[in-house]
Amino acid sequence: MEITKREEEYLETMYMLHRNKGIIRVKDIARLMKVKPPSVVDALKKLNEKGLVHYEKYDRILLTEKGRKIAEATYSKHVLLTEFFIEILGIPPEIAEQDACQFEHYVHEITAERIKEFAKFIQEQCPYVLKQFLKEKLTEDKRKR
C-alpha cells in the first residue's frame, strides 16, 4: 500500500496528539497542520479507507495498529534527525526542526539506523573532535549574521 508524505504527516500529527492529549480531534489536527477542518476530514476518510485510522463523523478518531506503526516510525525518524542536525551538525534548532520534517519522509529505515549509530560513535569515540567542529560552526554562524 502506497502512503504519501502528506498522509504520513497526518498520522504523525495524530500520534503526537494522542501521546500529548490522549484524544485526537479534527480541530487539533487542523491547527497543528495549518489546514482547514474540511481538509482534515478528507484526509481522515482516505486514511480510514486504507485501514490506518478508525474514523466516523462525530465519533472519536483512533489510529489502527498499522497506522500507529507508521506514525511511530515517522516520529522516531523526526526525533533522530532533529537531534542529529542539532547535536552533530550544529544546525540551529528551528532549522533542524524544519529540515527533519522534510527528511523524515524520505529517509530509509536503514539510513536512519546508520545515522543513529554514527551519532553514537562520534559522541563516544570523538567527543573532542565533535566539540571542536561545533565550536567552529557556531563561530562561522555568528560571523555570517
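Modeller: The search of the whole structure, which is a predicted model, gives zero disulfides. Cys 101 has a relative accessible area of 31%, so it is partly exposed, since that class runs between 20% and 50%. Cys 126 falls in the partly exposed class as well, with a value of 24%.

Cys 101 turns up again in the lining of the largest pocket. About 330 Å³ of space lies in that pocket. Besides Cys 101, the lining includes Arg 6, Glu 9, Glu 12, Thr 13 and Met 16. Leu 32, Met 33 and Lys 34 line the pocket too, as do His 78, Glu 97 and Gln 102. Three helices each supply at least two of the lining residues: H1 (5-21), H2 (26-33) and H5. The largest share, five residues, comes from H1. By class, the lining of the largest pocket holds five charged, four nonpolar and three polar residues.

The second largest pocket has a volume of about 160 Å³. Its lining is made up of Ala 73, Ser 76, Lys 77, Leu 80, Glu 83, Glu 109, Ala 112, Glu 113 and Lys 116. H4 and H6 are the elements that give two or more residues to this lining. H4 gives the most, with five residues.

The whole structure has four aromatic pairs. In one of them, Phe 84 and Phe 118 have their ring centres 6.4 Å apart and their planes at 55°, which makes the pair tilted. This pair links distant parts of the chain, with Phe 84 in helix H4 (residues 65-88) and Phe 118 in helix H6 (residues 109-125), 34 residues apart. Phe 84 counts as buried because its relative accessibility is 12%, under the 20% limit. Phe 118, at 42% relative accessibility, counts as partly exposed.

Another pair is formed by Phe 85 and Phe 103, with ring centres 5.3 Å apart. The planes of Phe 85 and Phe 103 stand at 75°, over the 60 degrees needed, so the pair is edge-to-face. Phe 85 lies in helix H4 and Phe 103 in helix H5 (residues 93-103), 18 residues apart, and the pair links distant parts of the chain. Phe 85 is buried, at 9% relative accessibility, whereas Phe 103 is partly exposed, at 41%. Phe 84, Phe 85, Phe 103 and Phe 118 form one aromatic cluster.

The largest one has 22 residues. Those with the most contacts inside this core are Tyr 10, Leu 11, Met 14, Ile 29, Leu 44, Val 53 and Ile 61. The elements that give two or more residues to the core are H1, H2, helix H3 (37-49) and H4. H1 gives the most to this core, with five residues.

Notes. Residues are numbered from 1 along each chain as its sequence is written. This is a predicted model: local features need pLDDT of at least 70, side-chain atom pairs count only at pLDDT 80 or more; totals for chains, interfaces and linings use all residues. Side-chain values use heavy atoms; hydrogens and water are left out. A disulfide is a pair of cysteine sulfur atoms within 2.5 Å. Buried means under 20% relative accessible area, exposed over 50%, partly exposed in between (1.4 Å probe, protein chains only). Rings of Phe, Tyr and Trp (its six-membered ring) pair if their centres lie within 6.5 Å; planes under 30 degrees apart count as stacked, over 60 as edge-to-face and the rest as tilted. Helices (H or I, at least four residues) and strands (E, at least two) are DSSP runs, numbered from the N terminus. On a 1 Å grid over the protein atoms alone, a cavity is a set of points where a 1.4 Å probe fits but cannot get out, and a pocket is an open set with protein on both sides within 12 Å along at least five of seven lines; lining residues have an atom within 4 Å of a point. Grid points are joined across faces, edges and corners, and a volume is the space filled by probe spheres set on the points. Ala, Val, Leu, Ile, Met, Phe, Trp, Tyr, Cys and Pro count as nonpolar, Asp, Glu, Lys and Arg as charged, and the others, Gly among them, as polar. A nonpolar core is a set of buried Ala, Val, Leu, Ile, Met, Phe, Trp, Tyr and Cys residues joined through side-chain atoms within 4.5 Å.
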